Amino acid sequence: MNARLTLATAVRILRQLRSDHRTIAMMLVVPCVLVGLLAWIFDGTPVFDRTGAALLGVFPFVVMFIVTSVATLRERTSGTLERLLTTPLGKGDFMLGYAIAFGTMAVMQALVATAFAVWVCDLDVAGPVWLLVVVAVCDALLGTALGLLVSGFASTEFQAVQFMPALVLPQFLLCGLLVPRESLPSVLAAVSDWLPLSYAVDAMRTIASVPEPLGEVSGDLSVIVAAIVLALALGSLTLRRRTP
C-alpha cells in the first residue's frame with residue numbers, strides 16, 4: 001500500500017461527490033428527514049427517546065451501504081477500476097481510499113444527523129453527545145465497508161441494491177431495535193450475536209441511558225471496528241483487473 005496513492009484516491013472520490021448533489025443530499029439530508037418523521041409521529045410519547053438514538057446508528061448504516069455499493073459498481077462497470085488497477089495503485093490503496101473518502105462524508109453525516117436529533121428533535125441522551133457521534137460514524141463506516149464488499153458480486157446497480165434485503169434487512173430485524181435481543185428465539189439470538197449492527201444498536205442505547213457509558217460501549221465499538229476491517233479486507237479480494 002502507498003499512502004500517496006491512497007490519499008489521491010480519496011481526493012478523487014471526494015471531488016466526484018462534490019459535484020453529485022443528489023448523493024450528498026441522500027447522505028446528509030435523508031437521515032435527518034427520517035429522524036424528524038419519527039420524532040413527529042411519536043411526538044408527546046416516550047417512544048422517540050427509546051428508539052431515536054438506536055436509529056441514529058441504523059440510518060447512516062443503510063444510507064452509506066446503498067451509496068457506496070452503487071458508486072463502487074459504477075467504477076467497475078465504467079472501466080475506471082480496470083484502468084486504475086493497471087497503474088501502481090493497489091487493491092488496498094483503492095479500498096482504503098474509498099473508506100477515507102466516504103469516512104469523511106460519514107463524519108459530516110453523523111454530525112448533522114446527531115445535531116438535528118438532539119437539538120431540533122429534542123432527543124434525550126444521558127451520555128455524552130460526542131460518543132453518540134463516534135458510534136454513528138462507525139456505523140456509517142460499517143455500511144461503507146459492506147457496500148464495498150457486496151459491489152464485487154453485482155453486475156448492475158439494480159443488483160447492488162438487491163443486496164440490501166439480503167444483507168441489511170436481516171440485521172435490522174435482529175439487531176434488537178424491534179424486539180429486545182434477549183427476547184428472541186435462541187437460534188435467532190445466536191445469529192444476532194454475529195451481526196455487527198446488533199452491537200451498534202446496543203452501543204447507542206447504552207449511550208442514551210447511561211451517563212458514563214464509555215466503558216460499556218468500548219466492547220461494542222471494538223466489534224464494529226473489527227467488522228469494518230474484515231469487510232474491507234474481504235472486499236479487496238473481490239477487486240478484479242478486468243470488468244466482466
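Is arginine 181 buried or exposed, and at what relative accessibility? In this predicted model, arginine 181 has a relative accessibility of 15% and therefore counts as buried, the cut-off for that class being under 20%. Its side chain meets that of aspartate 193 in a salt bridge, with an N to O distance of 2.8 Å. Arginine 181 is placed in the loop between α8 (157-174) and α9 (186-192), and aspartate 193 in the loop between α9 and α10 (196-209), so that the pair ties together parts of the chain twelve residues apart in sequence. Aspartate 193, at 41% relative accessibility, counts as partly exposed.

A salt bridge is also formed between the side chains of arginine 181 and aspartate 202, here with an N to O distance of 2.5 Å. This pair links distant parts of the chain, since aspartate 202 belongs to helix α10 whereas arginine 181 sits in the loop between α8 and α9, 21 residues apart. Aspartate 202 is partly exposed, its relative accessible area being 23%. Through shared partners, the salt bridges join Arg181, Asp193 and Asp202 into one network. The count of salt bridges comes to two.

Turning to the helices, α1 (residues 3-18) comprises 16 residues and reaches 22 Å from its first C-alpha to its last, which is close to the 22 Å expected at 1.5 Å a residue. Its buried residues include Leu5, Thr6, Thr9, Ala10, Ile13 and Leu17. These residues cover an arc of only 140° around the axis, and are therefore placed on the same side of α1. An α-helix has 3.6 residues a turn, so residues three or four places apart point the same way. The face of α1 turned away from the buried side carries the exposed residues Arg4, Leu7, Arg15 and Arg18. The cover over the buried residues of α1 includes α2, α4 and α6.

Helix α3 (residues 30-41) is built from twelve residues and reaches 16 Å from its first C-alpha to its last, close to the 16 Å expected at 1.5 Å a residue. Within α3, Pro31, Cys32, Val35, Gly36, Leu38 and Ala39 are buried. Seen down the axis of α3, the buried residues fall within an arc of 160°, so they line one face of the helix. Among the elements that cover these buried residues are α2 (21-28), α4 (47-77) and α6 (91-120). On the other side of α3, Trp40 and Ile41 are exposed.

Trp40 and Ile41 also take part in a nonpolar surface patch of about 620 Å², which is made by these two residues together with Val29, Val33, Leu34 and Leu37.

Threonine 51 has a relative accessibility of 17% and so counts as buried. When its neighbours within four places in sequence are left aside, threonine 51 is in contact with Leu38 and Leu177. Leu38 is itself one of the buried residues of α3, and α4 is among the elements covering the buried residues of that helix.

Definitions and conventions. Residues numbered from 1 in each chain as written. Predicted model: local features only at pLDDT ≥ 70, side-chain atom pairs only at ≥ 80, totals over all residues. Heavy atoms only, no water. Patch = residues over 30% accessible without salt bridge, like charges linked within 9 Å, V, L, I, M, F, W, Y side chains within 5 Å. Areas by Shrake-Rupley, 256 points an atom, 1.4 Å probe, with all protein chains shown as cover. Salt bridge = Lys/Arg side-chain N within 4 Å of Asp/Glu carboxyl O. Helix = DSSP H or I, 4+ residues; strand = E, 2+ residues; numbered from the N terminus. Expected span 1.5 Å × (residues − 1). Buried < 20%, exposed > 50% of the residue type's maximum accessible area, 1.4 Å probe, protein only. Arc of directions from axis to C-beta. Contact = heavy atoms within 4.5 Å.
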